[in-house]
Amino acid sequence: GEPPYGQVLTHGFVLDGQGRAMSKSLGNVIAPQALIEKYGADVLRLWVAVTDYREDVRLSQDILDRVIDTYRKIRNTLRFLLGNLGDFVPAKHAVPLQKMEPLDLAALTALKKLIEQTATHYDQSEFHQVAGALADQFCINALSEYYLDVRKDILYCDLADSPRRRSAQTAFWHIARALAKLLAPILSFTAEETWQTLREQNLLDASDNPESVFLNSFPTPLQ
């Protein structure tokens with residue numbers, strides 16, 4: 001006597017880039033399996049996520065190219081974070097929040113805001129807002145184009161164990177773990193790959209489940 005689901009989400013028709021319905025007669029059908037084989041499933045997942053499903057959904061090569069570029073930027077951000085944690089041992093090198101550099105604390109404040117925003121958007125099934133907050137606002141604008149760029153000098157030029165460098169690495173560590181959990185529902189393979197890399201580099205926290213990112217709770221803002 002009850003439906004076997006909690007919610008139903010419906011979306012508009014899938015159209016080509018010119019707004020025409022996809023059909024075999026027009027030859028404008030783009031098969032999902034073909035996209036997965038060519039670009040990987042996470043690119044297709046990201047296209048779904050960035051699309052406002054409340055309207056008709058458009059798909060074309062130009063749209064895919066923009067999605068691929070966004071995916072590449074997210075992936076490169078994760079690679080940069082992980083690549084600069086090679087000599088970081090959380091239990092030994094993590095800096096308490098009250099002793100971190102102001103810029104690193106600002107990055108964690110931005111992360112706190114992102115976690116709160118993303119949780120709300122996920123709860124309301126606003127996946128295009130999730131993708132926008134994670135990709136454009138945080139990974140690209142806040143991290144790649146500002147914070148990570150500014151922190152390069154300290155990471156590469158300061159002594160390995162300098163307080164400023166360890167402060168930056170501590171922020172990187174918190175951000176990488178949180179991003180893996182935030183991205184998991186929409187970029188499943190990328191999030192799991194990130195999590196397993198964290199595991200291999202012994203960068204997980206004692207509270208983290210190392211087996212899979214999907215066995216962990218949604219991140220909570222640092223206090």
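## Terms and model

Ala, Val, Leu, Ile, Met, Phe, Trp, Tyr, Cys and Pro count as nonpolar, Asp, Glu, Lys and Arg as charged, and the others, Gly among them, as polar. The model is predicted: local features need pLDDT of at least 70, side-chain atom pairs need 80 or more, and totals for chains, interfaces and linings use all residues. Numbering starts from 1 along each chain as its sequence is written, and side-chain values use heavy atoms, without hydrogens or water.

A pocket is an open set of points on a 1 Å grid over the protein atoms alone, where a 1.4 Å probe fits, with protein on both sides within 12 Å along at least five of seven lines; lining residues have an atom within 4 Å of a point. Volume is the space filled by probe spheres set on the points, joined across faces, edges and corners.

## Largest pocket

The largest pocket has a volume of about 340 Å³. It is lined by 17 residues, and Arg177, Lys181, Pro219, Thr220 and Leu222 are the closest to its centre. Helix 5 (102-123) and helix 7 (163-183) each give two or more lining residues. Helix 7 gives the largest share, five. The lining holds eight nonpolar, five polar and four charged residues.

## Second largest pocket

This pocket has a volume of about 260 Å³. Of its 13 lining residues, His11, Val48, Ala49, Thr51 and Tyr53 are the closest to its centre. Helix 2 (residues 41-50) supplies the largest share, four. Ten lining residues are nonpolar, two polar and one charged. Helices are DSSP runs of H or I, at least four residues, numbered from the N terminus.
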